[in-house]
Amino acid sequence: MVDRTNVVRAPGFLSRSRTVAPPTWSRWLVPPAALSVHLAIGQAYAWSVFKPPLESSLGLSGTQSALPFQLGIVMLGLSAAFGGTLVERNGPRWSMFVSMVCFSSGFLLSALGVATRQYWLVVLGYGFVGGIGLGIGYISPVSTLIKWFPDRPGMATGIAIMGFGGGALIASPWSAQMLSAFGTDTGGIARTFLVHGVVYAVFMTMGVLLVRVPAEGWRPAGWEPGRAATRALVTTADVSARNAIRTPQFYFLWIVLCFNVTAGIGILEKAAPMITDFFAGTATPVAVSAAAGFVALLSLANMTGRFVWSSTSDLIGRKNMYRVYLGVGALLYLVIALTGNASRPLFIVCALGILSFYGGGFATVPAYLKDLFGSHQVGAIHGRLLTAWSTAGVLGPLIVNAIADAQKAAGRTGPALYTTSLYIMIGLLAVGFLANELIRPVSERYHERPTAEPETRAAERGRTR
């Protein structure tokens, strides 16, 4: 008989200790690992491509067809909030693997739901199970990237979160082509969901295999902590996740993120039918294929904004960057509301600007959190802040879809379906702008106390004897 009492098990493949990078590891290999996950879960932004087929094949309203997307965003925020500590503890490889399993399983359940005409399975699969994959996958690389790029946190998080914004750039035309090939009946939609689940599982596995964390004490060559602390709001201290949620700064930033996201996600979730409705009564109506192309353009703006604007925030500061997102974003909404369907190019340009600010807000917020609370538990704090996204994921589509359905029932068409929604978004962005102005440096009473040196602790113990 073999005595197993003293057997020490080697750490598992998914454990944090197995992902510590060797000294020769290049930090530039980490962003591609993050992108493989974010490009996959960013498919959520292409949900509007599935709305018309689902509505026609299952007899759903616009509000009903938005449910999987809304629940997915809700679960993104909740799983990020409650799973943020687990992600910090277990490391990025574990969290990327969990994300892959949940996100792919969500598509497989949705395929079964459509095939059997059980829409609740689509809501459960894509919304609940897939939404957990969205949340865990979204925050999985953020803390790791900030540790690898403490000298350029805005750029680093922008690279990864750019993938989430750009996911629909791939998924939108790909999904449209599959629906065209397989059909837009229940069988065709089910086969499309099935292919998505399998292909995304393979793609996300690359990130699981490639990701690494820096060794303890690692820092970029020539960089010293504290150099950026001369910029307003940037701290050299650390605040724990537990203390962060007790600060007014956390809640002001929650409002900023929530209303910036609400204003963008309302357009994004209904992008394809929205542009079709806007120009339906004009001499140049928008075809279904062109509407899918519009979704892809919005995804490109969303993706580009995440990198360009978050990198810009490293130069001008996070607070100034959010002034642009919220202030200029409100002006672009006003232009759409006042011009209606008078100019399709103007409508598209304004929508692209709004979505670039929407994406930039997501990519900049982790660096904003690092500036305010330090890098100690920034991943866990980020997860808690994403409950703002959950709230916005309900508010944005609900405002746009419910008002559009009500206006349609009243016999209105064209831009009139959305005018009220546009003015609501302007008001929300104005409130977010005010909340951003109220953000100040975090009080020292919330800072973590520095760990005493060994000799100091020994002297203190001697005095207490």
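Student: What does the secondary structure of the chain come to?

Tutor: This is a predicted model, so side-chain atom pairs count only at pLDDT 80 or more. The chain has 465 residues. Its secondary structure comes to 19 helices and 0 strands.

Student: What radius of gyration does the chain have, and what would a compact globule have?

Tutor: The C-alpha atoms fill a box of roughly 85 × 65 × 35 Å along the principal axes. For 465 residues, a compact globule would have a radius of gyration near 23 Å. The chain agrees with that, at 23 Å.

Student: Which percentage of the residues count as buried, and how much area does the chain expose?

Tutor: Buried means under 20% relative accessible area, and 56% of the 465 residues count as buried.

Student: Among contacts between residues at least 6 apart in sequence, what percentage join residues at least 24 apart?

Tutor: A contact here means heavy atoms within 4.5 Å. Of the contacts between residues at least 6 apart, the share that joins residues at least 24 apart is 84%.

Student: How far apart are the mean positions of the positive and negative charges?

Tutor: The chain has 35 positive and 19 negative charges. The distance between their mean positions is 2 Å.

Student: How many salt bridges are there?

Tutor: The cut-off is a side-chain nitrogen of Lys or Arg within 4 Å of a carboxyl oxygen of Asp or Glu. One of the pairs is arginine 323 with glutamate 437, at 2.7 Å from N to O. By this rule the count comes to 6.

Student: Which parts of the chain does the salt bridge between arginine 27 and aspartate 151 link?

Tutor: The two side chains meet at 3.1 Å, N to O. The partners are 124 residues apart, so the pair links distant parts of the chain. Arginine 27 is in the segment before α1 (30-41), and aspartate 151 is in the loop between α7 (142-148) and α8 (153-182).

Student: Where in the chain are glutamate 55 and lysine 51, and how are they separated?

Tutor: Their side chains meet in a salt bridge at 3.8 Å, N to O. Lysine 51 counts as buried at 0% relative accessibility, and glutamate 55 as partly exposed at 23%. Both are in helix α2 (residues 51-58), and because they are 4 residues apart, the separation is about one helical turn.

Student: Which helices does the pair of arginine 323 and glutamate 437 tie together?

Tutor: These side chains meet in a salt bridge of 2.7 Å, N to O. The parts tied together are 114 residues apart in sequence, because arginine 323 lies in helix α14 (residues 318-339) and glutamate 437 in helix α18 (residues 419-437).

Student: Which residues does threonine 186 contact, leaving aside its neighbours within four places in sequence?

Tutor: Threonine 186 is found in helix α9 (residues 186-210). At 16% relative accessibility, threonine 186 counts as buried. With those neighbours left aside, its contacts are Ser57, Leu58, Val114 and Arg117.

Key:
Residues numbered from 1 in each chain as written. Predicted model: local features only at pLDDT ≥ 70, side-chain atom pairs only at ≥ 80, totals over all residues. Heavy atoms only, no water. Helix = DSSP H or I, 4+ residues; strand = E, 2+ residues; numbered from the N terminus. Buried < 20%, exposed > 50% of the residue type's maximum accessible area, 1.4 Å probe, protein only. Rg over C-alpha atoms; globule rule 2.2 N^0.38 Å. Lys, Arg positive; Asp, Glu negative; His and termini not counted. Charge placed at Lys NZ, Arg CZ, Asp CG, Glu CD.
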